[in-house]
Amino acid sequence: MGFLAVLERVNAAHPWSHNDAYAAFVLRHARAVRRRGGDTAVDVGCGTGNLLSALSEIFPTAIGIEPDAGTAAAAARRFTGDAVLIESRAFGSEPQGAYDLITFVASLHHMPLRAALQDARAALRPGGRVVIVGVARETSKDALRSGASLLLNPLVGLVRHPSRATRPPAHMQAPTTAATQSFDEIRAFASEVLPGIRMRRRLFWRYTASWEAPR
């Protein structure tokens with residue numbers, strides 16, 4: 001059995017979401033927004049609600065937008081009360097200046113990039129933030145990070161989930177699509193729509209970005 005086949009077997013037996021590696025990044029921005037008085041957070045493509053649950057502990061109002069009906073229903077069953085609202089729909093045509101934090105975690109590449117960023121900008125209140133944990137099409141510039149991620153991935157899986165899994169966890173079963181734009185292409189679009197946005201390539205086939213709306 002080849003080396004890559006061994007890695008695939010270990011990854012399948014100990015799956016973990018690469019988005020989880022950047023939860024602290026998202027929540028750091030969330031807490032900063034809340035300290036400045038923000039009260040409404042929106043998680044776009046919220047899945048079954050793992051990040052939304054954490055956001056609901058920071059913000060009085062947390063909204064999850066999830067276009068897949070089955071996944072949205074699973075998220076809705078998870079939450080009770082008025083603090084968390086699940087909306088089964090696509091992101092777009094949002095209320096003007098209604099949100100203080102908008103997060104896109106592995107969801108931005110599922111939608112038209114420019115339109116999504118324009119909608120997010122319009123929907124933010126002054127001082128609000130857009131926070132992205134994104135997926136980009138790989139290029140030669142990503143080779144070193146991809147190689148390191150390939151080696152680290154099974155090790156992280158073994159540490160996070162030492163028990164052998166028979167299937168991926170529920171939060172990893174939502175429909176996905178491959179990214180078609182490279183990091184450089186995404187950065188060019190994002191910098192045009194959100195001047196001053198901060199973006200970084202990261203391990204585990206992700207990039208991170210943040211932008212604060214002018215006050």
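**View 1. Lining of the second largest pocket in the predicted model.** Helix α6 (143-160) and strands β6 (198-202) and β7 (206-212) each contribute at least two residues to the lining of the second largest pocket, and α6 gives the most, with 3 residues. Helices (H or I, at least four residues) and strands (E, at least two) are DSSP runs numbered from the N terminus. In total 13 residues line this pocket, with E138, D142, R202, W205 and R206 nearest its centre. By class, the lining holds 5 nonpolar, 2 polar and 6 charged residues. A pocket is an open set of points on a 1 Å grid where a 1.4 Å probe fits, with protein on both sides within 12 Å along at least five of seven lines; lining residues have an atom within 4 Å of a point. The space in the second largest pocket is about 160 Å³.

This is a predicted model, in which local features need pLDDT of at least 70 and side-chain atom pairs count only at pLDDT 80 or more, whereas totals for chains, interfaces and linings use all residues. Residues are numbered from 1 along each chain as its sequence is written, and side-chain values use heavy atoms, without hydrogens and water.

**View 2. The open sheet.** Seven strands follow the order β3-β2-β1-β4-β5-β7-β6 with mixed pairing, two strands being paired if DSSP finds at least two bridges between them. Because β3 and β6 stand at the edges with a single partner strand each, one side of each has no neighbour in the sheet.

**View 3. Two strand pairs.** Strands β2 (residues 61-65) and β3 run parallel, joined by 4 bridges; G64 has I86 of β3 as its bridge partner. Strand β5 (residues 124-134) pairs with β7 in the antiparallel sense over 6 bridges, and G134 is bridged to Y207 of β7.

Key
Points joined across faces, edges and corners; volume = space filled by probe spheres on them. Nonpolar A, V, L, I, M, F, W, Y, C, P; charged D, E, K, R; others polar.
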